[in-house]
Amino acid sequence: MGSGSTKLRLGVLASGGGTNLQSIIDACSAGDIDAQIVRVICNNPNAGALQRAERAHIPNCCINHRDFDTRTAFDAAVISQLQQDRVELVILAGFMRIVGADFIRAFTHRIMNIHPALLPAFPGLNVQKKALEYGAKFTGCTVHFIDADVDTGPIIAQAVVPVFDDDTEESLSARILEQEHRLYPHAIQLFAAGALKVEGRRVLIDPAYANTGKFHASALINPPPA
Ligand code: GRF
């Protein structure tokens with residue numbers, strides 16, 4: 001681990017309860033990520049994420065999108081705060097606003113998002129319900145870089161979870177969220193270690209960090225054969 005001053009500077013944007021934020025706070029304090037959260041911004045004054053930041057003594061603020069006439073003006077305020085904090089990597093953690101072109105230009109390949117499905121399947125909202133209703137046997141979560149469209153940017157890492165016959169939207173969401181809390185810190189650490197290289201749509205992982213030897217089974221099959 002590097003010294004305090006060399007740690008990657010993270011800015012986290014959240015709109016809700018902030019359990020993903022919490023997993024990143026915990027991973028930073030455990031030393032599992034060579035990074036520090038230097039700012040948490042919420043667009044919603046009631047976001048639980050603000051309290052989590054406060055409890056962890058992380059600088060935090062609400063930039064309420066309702067106070068701005070346009071998305072460009074809201075984005076400009078967020079960008080300015082992140083630049084003031086010298087943020088190097090922006091983490092969208094349940095951030096329910098679309099990030100505009102200026103934002104993406106200011107932080108090209110330096111904005112990550114987590115999505116609770118295996119992209120490119122089920123982009124958009126309420127995707128745990130959509131995966132269940134579609135009848136998928138596997139779903140999961142995806143960490144990706146943000147690009148100009150919604151849920152389309154280069155994929156960094158994915159976690160797969162099975163869908164069971166007796167699943168409800170709630171049980172499936174909980175199974176996915178548990179993996180989100182493992183996947184996001186892992187993806188951030190790969191970035192912090194300089195192990196990610198974006199080539200077109202593909203994010204290539206430095207072989208020293210790829211751990212491909214851990215795949216003992218050649219495939220996941222659900223329902224599993226006897
Ligand atoms: C997560 O499922 C995330 O994938 C989605 O919104 C949820 C946020 O949960 N985009 P939390 O606020 O991190 O608890």
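Modeller: Gly16, Gly17, Gly18, Thr19, Asn20, Gly94, Ile114, Pro116, Leu177 and Glu180 surround the ligand. Each counts as near, with a heavy atom within 4 Å of the molecule. This is a predicted model, in which local features need pLDDT of at least 70, side-chain atom pairs count only at pLDDT 80 or more, and totals for chains, interfaces and linings use all residues. Residues are numbered from 1 along each chain as its sequence is written, and side-chain values use heavy atoms, with hydrogens and water left out.

Sort the shell by class. Three residues are nonpolar, six are polar and one is charged. Here Ala, Val, Leu, Ile, Met, Phe, Trp, Tyr, Cys and Pro count as nonpolar, Asp, Glu, Lys and Arg as charged, and the others, Gly among them, as polar.

Now the oxygen atoms of the ligand. A polar side-chain atom of Thr19 lies 2.6 Å from a ligand oxygen. For Glu180, a side-chain N or O atom is 2.7 Å from a ligand oxygen. Gly18 uses its backbone: an N or O atom there lies 2.9 Å from an oxygen of the ligand. A polar contact here is a pair of N or O atoms within 3.5 Å. On its own the ligand has 360 Å² of accessible area, and the protein covers 80% of that. The areas come from the Shrake-Rupley method with a 1.4 Å probe.

The ligand sits in the second largest pocket. A pocket, on a 1 Å grid over the protein atoms alone, is an open set of points where a 1.4 Å probe fits, with protein on both sides within 12 Å along at least five of seven lines. To sit there, more than half of the molecule's atoms must lie within 2 Å of the grid points. Domain 1 (7-107) and domain 2 (114-207) both give residues to the shell, so the ligand lies between them. Those bounds come from an automatic or database domain assignment.

Note on methods
Polar contact = N/O pair within 3.5 Å; in protein donor to acceptor, adjacent residues only side chain to side chain. 1 Å grid on protein atoms, 1.4 Å probe; cavity = no way out; pocket = protein on both sides within 12 Å on 5 of 7 lines; lining within 4 Å.
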